[in-house]
Amino acid sequence: MTLLDTAPAAPLPDLPGPVAAPPAVEPLSDLDVLESEAILIIREVTAEVERPVLLFSGGKDSVVMLHLAAKAFWPAPIPFPVLHVDTGHNFPEVLAYRDATVERLGLRLIVARVQDYIDDGRLRERPDGTRNPLQTMPLLDAIEEGRFDGVFGGGRRDEEKARAKERVVSLRDAFGQWDPRNQRPELWNLFNPRHAPGEHVRVFPLSNWTELDVWSYIEREGIELPSLYYAHERQVFKRDGMWLAASKVSAPRPDEPVVTRTVRYRTVGDMSCTGAVDSSAATIHDVVVEVAASTLTERGATRADDRLSEAAMEDRKKEGYF
């Protein structure tokens with residue numbers, strides 16, 4: 001007989017009662033994921049570059065970018081200025097919205113004016129009347145003068161095939177130019193904003209968003225936009241299948257009758273190259289429903305400057321455009 005055979009049996013420990021199940025964790029929605037990614041990009045790049053700036057035109061994508069930047073640094077103010085390249089052909093409603101937003105948020109606004117370059121001979125008016133392709137030189141000069149090395153923009157990959165090629169963090173050389181064959185990998189969402197002196201990076205936190213995502217986010221967050229994004233009556237004329245606004249900078253030809261139609265704008269650019277679409281969408285929700293049913297991106301449907309050639313956008317981006 002061993003000691004184990006004679007030892008008294010140890011009492012069984014009291015068994016615990018039923019353990020309460022952990023509270024259910026709500027999965028993140030698609031918009032939550034996109035918002036978190038964009039805020040991460042804004043914070044990380046701001047921390048790594050010396051002088052960031054945000055391109056702000058008053059268009060819906062730049063408005064969402066500004067909203068995300070405000071969230072990224074709340075309760076502190078946005079720690080960088082905003083930059084707008086004013087073509088002189090902008091919609092008055094958008095300029096009014098831009099100025100009111102800058103004043104409300106207490107931002108420093110830098111405006112580079114195309115008209116100044118035309119007045120002193122550095123640029124010349126185009127035969128087609130649009131000034132959108134003329135923005136490159138004022139933009140690059142403003143970046144150089146401000147010594148900005150991180151430039152946030154609202155470009156999205158679904159807008160246009162050239163933008164679909166570009167990385168979230170896009171290196172620009174000392175001349176502000178983009179080489180689509182020389183881009184950095186972004187595996188596992190690792191973004192590299194390092195650059196040599198004189199170079200800078202363009203940063204697109206909305207790269208993975210779609211037009212529908214942008215409008216769904218605007219609806220969820222209750223973001224105010226310029227009124228021309230919603231259905232309203234406007235005097236327009238048809239050119240190349242688009243309704244252009246009748247104005248002093250986009251005058252109709254003799255064979256282009258001016259009519260009054262209920263339209264809205266899906267994107268904002270020059271009045272001379274941005275077309276309106278027939279629409280009755282007067283609220284944010286109406287626009288979300290309309291965009292969900294659309295088979296064309298906003299640029300494909302309403303931007304004449306993208307129709308100049310098959311590679312119009314890519315050519316401009318290589319020169320330093322947005």
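Phe 237 stands opposite Leu 244 in strand S8. Strands here are DSSP runs of E with at least two residues, and helices are runs of H or I with at least four, both numbered from the N terminus. The model is predicted: local features need pLDDT of at least 70, side-chain atom pairs count only at pLDDT 80 or more, and totals for chains, interfaces and linings use all residues. Residues are numbered from 1 along each chain as its sequence is written, and side-chain values use heavy atoms, with hydrogens and water left out.

S7 and S8 pair in the antiparallel sense over four bridges. Two strands pair if DSSP finds at least two bridges between them. Two residues sit between the strands in this hairpin, and Asp 240 takes a positive phi there, near 55 degrees.

Now widen the view to the sheet. Four strands form an open sheet in the order S8-S7-S9-S10, with antiparallel pairing. Strand S8 (242-245) and strand S10 (277-278) each have a single partner strand, so one side of each is left without a neighbour in the sheet. Strand S7 (residues 232-239) and S9 are joined by five bridges and run antiparallel. Along this pair, Glu 233 stands opposite Thr 262 in S9. Arg 234 has Arg 261 of S9 as its bridge partner. Next comes the pair of S9 and S10. Two bridges join strand S9 (residues 259-264) to S10, again antiparallel. Val 263 has Asp 278 of S10 as its bridge partner, while Arg 264 has Val 277.

The chain holds another sheet. Six strands form an open sheet in the order S3-S2-S1-S4-S6-S5, and the pairing is mixed. Strand S1 (residues 52-55) and strand S2 (residues 82-86) run parallel and are joined by two bridges. Leu 54 stands opposite Val 82 in S2.

Helices pack on this sheet. H3 touches S1, S2 and S4, and its direction makes about 140 degrees with that of S1. Touching here is contact, meaning heavy atoms within 4.5 Å. Helix H2 (residues 30-48) lies across S1, strand S4 (150-152), S5 and strand S6 (200-203). H2 runs at about 160 degrees to S4.

Turn to helix H6. Leu 140 is found in this helix. Its relative accessibility is 18%, so Leu 140 counts as buried. The cut-offs are under 20% relative accessible area for buried, over 50% for exposed and partly exposed in between, with a 1.4 Å probe and protein chains only. The buried residues of H6 are Thr 136, Pro 138, Leu 139, Leu 140, Ala 142, Ile 143 and Gly 146. Leu 140 and Phe 175 are 35 residues apart along the chain, and their C-alpha atoms are separated by 8.1 Å. Arg 147 follows H6 and has a positive phi, near 55 degrees.

A pocket is an open set of points on a 1 Å grid over the protein atoms alone, where a 1.4 Å probe fits, with protein on both sides within 12 Å along at least five of seven lines; lining residues have an atom within 4 Å of a point. The largest pocket has a volume of about 500 Å³. Of its 24 lining residues, the closest to the centre are Ile 143, Phe 148, Gly 198, Glu 199 and His 200. The largest share of this lining, five residues, comes from helix H6 (residues 136-146). Volume is the space filled by probe spheres set on the points, which are joined across faces, edges and corners.

The second largest pocket has a volume of about 300 Å³. Of its 14 lining residues, the closest to the centre are Tyr 97, Thr 101, Arg 104, Leu 105 and Ile 223. Helix H3 (60-73) and helix H4 (92-105) are the elements that give two or more residues to this lining.

Finally, the whole chain. Its secondary structure comes to eleven helices and ten strands. Of its 322 residues, 48% count as buried.

Definitions and conventions
Axes are lines fitted to C-alpha atoms, for helices over the stretch in contact, and angles run from 0 to 180 degrees between N-to-C directions.
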